[in-house]
Amino acid sequence: QLRLVESGGGLVQPGESLRLSCGTSGHTLDPYAVGWFRQAPGKEREAVSCISRDGTVTNYADSVKGRFTISRDSANNTVNLQMDNLIPEDTAVYYCARAVLKTSCPRAILEGSFGTWGPGTQVTVSS
């Protein structure tokens with residue numbers, strides 16, 4: 001069974017940065033689009049960013065555009081999310097998820113076609 005694992009979360013002050021990583025062993029993420037999601041207390045899960053299976057196309061929620069950068073590292077079989085200039089509103093549990101095969105990010109987000117999820121990593125932005 002494929003398992004994704006997120007890492008890199010933590011407690012930071014506003015304006016600081018974190019780099020999240022999503023990885024797995026025994027399987028490759030390269031043939032699949034991968035998305036980052038977050039869920040804050042009392043709120044629904046929302047899509048934060050997504051990267052195409054070949055890494056050429058990326059998508060971002062309006063709330064994080066210009067601050068977050070998603071990337072693929074095929075050599076290490078990871079998808080990373082660089083989060084800069086963090087604000088308290090970014091506080092949430094962050095999850096990575098692998099889309100179903102041959103599914104683009106927009107389609108996967110629209111249809112909810114993410115079949116494999118990691119357990120999440122906590123990001124807290126507070127002074």
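F37, F114 and W117 form one aromatic cluster. Rings of Phe, Tyr and Trp (for Trp, its six-membered ring) pair here if their centres lie within 6.5 Å; planes under 30 degrees apart count as stacked, over 60 as edge-to-face, and the rest as tilted. Before I go on, this is a predicted model, so local features need pLDDT of at least 70, side-chain atom pairs count only at pLDDT 80 or more, and totals for chains, interfaces and linings use all residues. Residues are numbered from 1 along each chain as its sequence is written, and side-chain values use heavy atoms, with hydrogens and water left out.

Back to the rings. Over the whole structure, the search finds 3 aromatic pairs. One of them is F37 with F114, which is edge-to-face, at 4.9 Å centre to centre and 80° between the planes. This pair links distant parts of the chain: F37 is in strand β4 (residues 34-39) and F114 in strand β10 (residues 114-117), 77 residues apart. When I say strand or helix, I mean DSSP runs numbered from the N terminus: helices are H or I with at least four residues, strands are E with at least two.

The cut-offs are under 20% relative accessible area for buried, over 50% for exposed, and partly exposed in between, using a 1.4 Å probe and protein chains only.

F37 also pairs with W117, and that pair is tilted: 4.7 Å centre to centre, 50° between the planes. Here too the pair links distant parts of the chain, with F37 in strand β4 and W117 in strand β10, 80 residues apart. W117 counts as partly exposed, at 27% relative accessibility.

The charged end of R45 sits over the F37 ring, 5.9 Å from its centre. The rule is that NZ of Lys or CZ of Arg is within 6 Å of the ring centre and within 35 degrees of the ring normal. Elsewhere, R98 lies over the face of Y32, at 3.7 Å from the ring centre.

Next, the cysteines. Taking a disulfide as a pair of cysteine sulfur atoms within 2.5 Å, the count comes to 2 disulfides. C22 and C96 form one of them, with sulfur atoms 2.0 Å apart. Its S-S torsion is about 65°, so the C22 to C96 disulfide is right-handed. It links distant parts of the chain, from C22 in strand β3 (residues 18-23) to C96 in strand β9, 74 residues apart. Both C22 and C96 are buried.

A disulfide also joins C50 to C105, S to S 2.1 Å. Which hand does the C50 and C105 disulfide have? The torsion about its S-S bond is about -80°, so it is left-handed. C50 lies in strand β5 (residues 46-51) and C105 in helix α1, so this pair ties together parts that are 55 residues apart in sequence. C50 and C105 are buried. With the bonded cysteines of the chain numbered in sequence order, the pairing is 1-3, 2-4.

Now some backbone points. Most residues other than glycine have a negative phi. N77 has a positive phi, near 55°. N77 lies in the loop between β7 (68-73) and β8 (78-83), and is buried at 14% relative accessible area. K102 also has a positive phi, near 65°. K102 is in the loop between β9 (92-99) and α1 (105-111), and counts as exposed at 63% relative accessibility.

One more loop residue: N85, between β8 and β9. N85 counts as partly exposed, at 44% relative accessibility. N85 and R67 are 18 residues apart in sequence and 6.1 Å apart in space, C-alpha to C-alpha.

Last, the pocket. The largest pocket has a volume of about 150 Å³. On a 1 Å grid over the protein atoms alone, a pocket is an open set of points with protein on both sides within 12 Å along at least five of seven lines, where a 1.4 Å probe fits, and lining residues have an atom within 4 Å of a point. Grid points are joined across faces, edges and corners, and the volume is the space filled by probe spheres set on the points.

What lines the largest pocket? There are 13 lining residues, and R38, A40, K43, E46 and E89 lie nearest its centre. By class, that lining has 3 nonpolar, 3 polar and 7 charged residues. Here Asp, Glu, Lys and Arg count as charged; Ala, Val, Leu, Ile, Met, Phe, Trp, Tyr, Cys and Pro as nonpolar; and the others, Gly among them, as polar.
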